[in-house]
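Thanks for coming. I will go through one structure today, starting with a charged pair and then moving on to the helices.

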Amino acid sequence: MNASERGHPPAAVAWSVWGLAALLYLIGFYQRVAPAVMTDRLMQEFAIGASELGNLSAFYFYSYVAMQIPTGILADRWGPRRLLTAGAAVAAIGTAIFACSPDFWWASAGRLLIGASVAVAFVSMLKLATHWFAARQFALASGMALTFGVVGGVIAGVPLRMLIETWGWRPVMGVSAALTGLLSLAIWLRVRDDPRDLAHASHAPAASAGGQHGSILRGMAEVLSYRNIWILLIAPIGVAGAVLTFAGLWGVPYLRQVHGLETRSAAAITSLLLIAWAIGGPLLGTLSERLGRRRPLYVWTTAAALAGWLLIIFAPLPLWLLIVALLFTGLFSGNLIIGFAFAKESVPTRLVGTAAGICNMGPLLGGMLLQPAVGWLLDRHWRGATAAGARLYDASAYQAAFSLMAACIVVSLCLLPFARETGGRQTG
């Protein structure tokens, strides 16, 4: 029985193939935000301040961002299976190096390897979704990808802090390395690039499933010739970057030092921001599918996210209202899922992997630029207070530093109205 006779793969098969890629993305997100609950331990261990800590965390983003364009091209040319297997293996090695690091530079090298390796996960997931799911399910799959990532972020909150308090951060990272290595083996055994490899019909158009590709540079140039790609690359720098900066590094020390919370409670609150972000992704992605338009919803949700951050940064909110504002802001910041569907529809199907790689740089550029920049501003406003070898920052220092996040979202809001509406239809 040939593939056309068997029809498309059963949902359970499709989701299991995609789900293993999603697990690597979960691990990548876990690694992305893990430093938030160990800021005090890392500052003490390596004798560093906020600027150095921001850079240590951002080493993940430096390599992640640098890998996005190569990853998109390789996803188009070599396929997700090999990329995901190698990515998980290298992530395991990087995590082991971080766990055993004797100094700041070895720790940075481990973070650099982790970022470069898990960078293959998201683009590969989008590529798999194009082949294993119907086009109408692409926004849902993109939203579910964010959900998987945020689950990793939640695990890196209170659960990770509890494990660190019990066993120490080095043993916990060592176990993380071992689990990532096991995932590499599972991906190689189970994941396939296209349903045809398991004798099912593919959802990908025949032209994109045939494996014919032009010059790498010509493909990049063609993708970058679309105005939407530039806009959809820059817009998430502010919106997603603010979430990654707050939940991924500076939110926990802010809640501890300004609002007087202990670390577990602060981690729980930043996890709520990530959970709201995860819920907002599929909700807003599905809503944009039903509306049949991308741009208006993207613009209005970006404005809502900006309003939320302005309240959080500048308004003297009681703790309960601060939590509500974070939930509101996280929900509307999930609009980056609209951007991924928007970008996919803005280029021909054969260039989807490259376009996804370029546009996925946006959120990570936000973390890469804002985490160390916020740390630098915190050090600029530091008044000399310390506790157990770690620097303490007051409310005015955090307000000055977090203002940079709001400024970046203003730039996003100014750019989005210039994007060309796709109407939910794929470019020919």
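**Salt bridges and helices**

Arg170 has a relative accessibility of 23%, so Arg170 counts as partly exposed; by the cut-offs used here, buried means under 20% relative accessible area, exposed means over 50%, and partly exposed lies in between, with a 1.4 Å probe and protein chains only. Before I go on, this is a predicted model, in which local features need pLDDT of at least 70, side-chain atom pairs count only at pLDDT 80 or more, and totals for chains, interfaces and linings use all residues. Residues are numbered from 1 along each chain as its sequence is written, and side-chain values use heavy atoms, with hydrogens and water left out.

Which residue does Arg170 meet in a salt bridge? The partner is Glu45, at 2.8 Å from N to O. A salt bridge here is a side-chain nitrogen of Lys or Arg within 4 Å of a carboxyl oxygen of Asp or Glu. This pair links distant parts of the chain, with Arg170 in helix α10 (residues 169-190) and Glu45 in helix α3, 125 residues apart. Helices are DSSP runs of H or I with at least four residues, strands are runs of E with at least two, and both are numbered from the N terminus. Glu45 is partly exposed because its relative accessibility is 42%.

Ala47 has a positive phi of about 55 degrees although it is not a glycine. Most residues other than glycine have a negative phi. Ala47 has a relative accessible area of 70%, so Ala47 is exposed.

Back to the charges. The whole structure has eight salt bridges. Another of them joins Arg383 and Asp394, with the closest N and O atoms 2.5 Å apart. Arg383 sits in the loop between α19 and β1 (386-387), and Asp394 in the loop between β2 (390-391) and α20 (395-415). Arg383 is exposed because its relative accessibility is 69%, while Asp394, at 28%, is partly exposed. Salt bridges that share partners also join Asp40, Arg161, Glu165 and Arg264 into one network.

Next is helix α14, residues 263-291. Its 29 residues reach 42 Å from first C-alpha to last, close to the 42 Å expected at 1.5 Å a residue; the expected span is 1.5 Å times one less than the number of residues. Just after α14, Gly292 takes a positive phi of about 70 degrees. Glu289 and Arg294 form a salt bridge at 3.1 Å, N to O.

Helix α13 (residues 227-257) has 31 residues, and 26 of them are buried. There is a kink of about 70 degrees at Trp250, shortly before Pro253. The bend at a residue is the angle between axes fitted to the seven residues ending there and the seven starting there.

Of its 20 residues, 16 are buried, so α19 is largely enclosed by the rest of the structure. Gly375 lies in α19 and is buried, at 0% relative accessibility. From C-alpha to C-alpha, Gly375 is 22 Å from Arg264, and the two are 111 residues apart in sequence.
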